[in-house]
Amino acid sequence: MIADNLERIKSELPSGVKLVAVSKFHPLSVLLEAYANGQTVFGENRPQEFASKAVQMPQDVEWHFIGHLQTNKLKLVLPYASVVESIDTEHLLDAVDAWGARNNKVINVLLEVHIGAEESKQGFMPDEVYEILSRAESGSCWPFVDFCGLMGMASHTDDEEAIAGDFARIKALFDECCSRYTGLKDFKQLSIGMSEDWRIALRYGATQVRIGTAIFGAREY
């Protein structure tokens with residue numbers, strides 16, 4: 001099943017779009033099956049599960065941390081993460097930079113943006129994104145952070161027009177950032193789209209999609 005799911009999804013992804021297999025709540029055996037079928041990029045959203053799987057999986061796996069990250073859990077995530085997609089507060093950004101300084105490691109990050117109508121969602125508003133990237137480009141802040149793009153989620157709804165509207169707003173913000181902050185040479189990634197809406201996300205320029213259920217089936221809690 002996993003092999004078939006991966007083949008089907010990858011056949012629909014345009015060249016250059018990265019598939020992040022979201023493996024949270026699934027056992028290691030399932031990840032190894034996906035790996036055996038060519039999947040080398042995985043996403044986790046719980047620090048302890050992330051760290052446990054990272055040390056057990058093959059060393060060429062590219063790990064994306066995609067969940068809410070508390071500053072007291074950085075030591076579980078940052079040693080293994082290829083990118084932290086879910087930087088959602090300046091406080092967390094400061095803590096990640098400080099960890100990087102202590103460990104002499106530059107951390108790749110995406111800024112999580114809050115575009116949808118749901119108040120419960122985390123992330124930065126557009127003006128906050130502009131302020132952070134302006135300071136980063138000036139070189140005055142966060143020398144141990146490499147800003148690689150934006151991550152966002154559409155509103156939780158079955159209304160495809162609403163989902164498309166959310167993705168359109170995230171894409172517009174991303175394009176504006178790329179235009180304004182040309183000094184941020186690695187700012188190229190737009191991580192939008194999950195199992196339910198990744199095909200819509202592709203229409204709005206996703207460079208990464210985060211897919212779990214459509215690959216692995218229902219989660220094991």
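## Overall fold

The chain holds nine helices and eight strands, taken as DSSP runs numbered from the N terminus (helices: H or I, at least four residues; strands: E, at least two). This is a predicted model, in which local features need pLDDT of at least 70, side-chain atom pairs count only at pLDDT 80 or more, and totals for chains, interfaces and linings use all residues. Residues are numbered from 1 along each chain as its sequence is written, and side-chain values use heavy atoms, with hydrogens and water left out.

Of the 221 residues, 51% count as buried (under 20% relative accessible area, 1.4 Å probe, protein chains only). The C-alpha atoms fill a box of roughly 50 × 45 × 30 Å along the principal axes.

Strands β2 (residues 41-44) and β3 (residues 62-65) pair in parallel over four bridges; pairing requires at least two bridges found by DSSP. Glycine 43 has histidine 64 of β3 as its bridge partner. Histidine 64 also stands opposite valine 83 in β4, and two bridges join β3 to β4 (residues 83-87), again in the parallel sense.

## Helix α5

Helix α5 (residues 90-103) has 14 residues and should span 20 Å at 1.5 Å a residue, which agrees with the 20 Å between its end C-alpha atoms; the expected span is 1.5 Å times one less than the number of residues. Its buried residues include Leu92, Val96 and Trp99. The buried residues of α5 pack against α4, β4, β5, α6 and β6, where contact means heavy atoms within 4.5 Å. Asparagine 104 follows α5 and has a positive phi, near 50 degrees.

Note on methods:
Buried < 20%, exposed > 50% of the residue type's maximum accessible area, 1.4 Å probe, protein only.
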